[in-house]
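Me: Please take a close look at one part of this model. Then follow the chain from there to what it packs against.

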Amino acid sequence: MTAARKPDDLAGNIILVTGAKGAIGNATVASLAAAGATVVPTDIVGEGDVLAHDVTSLEAWQSVAAHIEQRHGQLDGLVHNAGISFTKAFAQTSIEDWRKVQTINVESVVIGTQAMLPLLMTAGAKNSAGASIVILSSIAGLRGSSMHAAYCASKGAVKLLAKSLANEFADMKLGIRVNTVHPGPIEGAMMEHVASGFAQATGLDPEKVKTLIDSGNPMGRMGKPEEVAHAIQFLCSDGAAFITGTEISVDGGASSR
């Protein structure tokens, strides 16, 4: 007799993670793999097991989909983690800047989800918990932030995109859940970039900016990439089988203020 599968057991699941070489992406790949998943990691520059993948290119998404189809035949989880930050006063934000942020942070999620939908539907039909799409938004997608208008707009867009897809896929009985994860300030290269950009825009010292970020969080620190990865892993697991169209904030309580 086969033992019942534990809610957090991802053995046999095929999960694609974009932006896999970044701090959160790398931690997510490690967390999913530790739970038994077969992870397909991608990033703008391929290296080792990481596939080269420009998330703004439909052709690149189709190539990754063909790779997964050939090797695995289905996709149990899609983690839209790739994205960029952007810090600049609104008056100085060019339309080219604006479009670049929306293309990478929003349009990539649209074309990527469409490209992977047949593979996700195949998995959703086989797995009682359904397939899972997790989109990385941000606390910037829950509230406004000075010097981050383009970024906030992009992260707010994917939050409502996820809610719309969650409803549509449930109505159509596709067996696909869609949720968003909203990190606060998280240690890593992106946070360094944000602090540097804000310092340049305001004239403050970058280290002073990071100190202000730490002190402004209810928990008094930045989050760790692994703490975001655990939330993503949960949403990909059978333990989240009845969770769709919602958001999980991993921000030390920052969005509650």
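Reply: Lys173 counts as exposed, at 70% relative accessibility (exposed is over 50% relative accessible area, buried under 20%, partly exposed in between, with a 1.4 Å probe and protein chains only). The model is predicted, so local features need pLDDT of at least 70 and side-chain atom pairs count only at pLDDT 80 or more, while totals for chains, interfaces and linings use all residues. Residues are numbered from 1 along each chain as its sequence is written, and side-chain values use heavy atoms, with hydrogens and water left out.

Lys173 is not a glycine, yet its phi is positive, about 55°. Most residues other than glycine have a negative phi. Lys173 sits in the loop between helix 4 and strand 6 (helices, H or I of at least four residues, and strands, E of at least two, are DSSP runs numbered from the N terminus). Met147 also has a positive phi without being a glycine, about 75°. Its place is the loop between strand 5 and helix 4, and it is partly exposed, with a relative accessible area of 22%.

Helix 3 (residues 95–126) packs with helix 2 (residues 58–71) at an angle of about 25°, their axes 9 Å apart (axes are lines fitted to C-alpha atoms, for helices over the stretch in contact, and angles run from 0 to 180 degrees between N-to-C directions). Helix 2 is therefore roughly parallel to helix 3 (angles under 35 degrees count as roughly parallel, over 145 as roughly antiparallel, 65 to 115 as roughly perpendicular and the rest as oblique). Residues in the contact include Trp61 and Ile68 of helix 2 and Ile111 and Met116 of helix 3 (contact means heavy atoms within 4.5 Å). By class, the contact residues are nine nonpolar, two polar and one charged (nonpolar: Ala, Val, Leu, Ile, Met, Phe, Trp, Tyr, Cys and Pro; charged: Asp, Glu, Lys and Arg; polar: the others, Gly among them).
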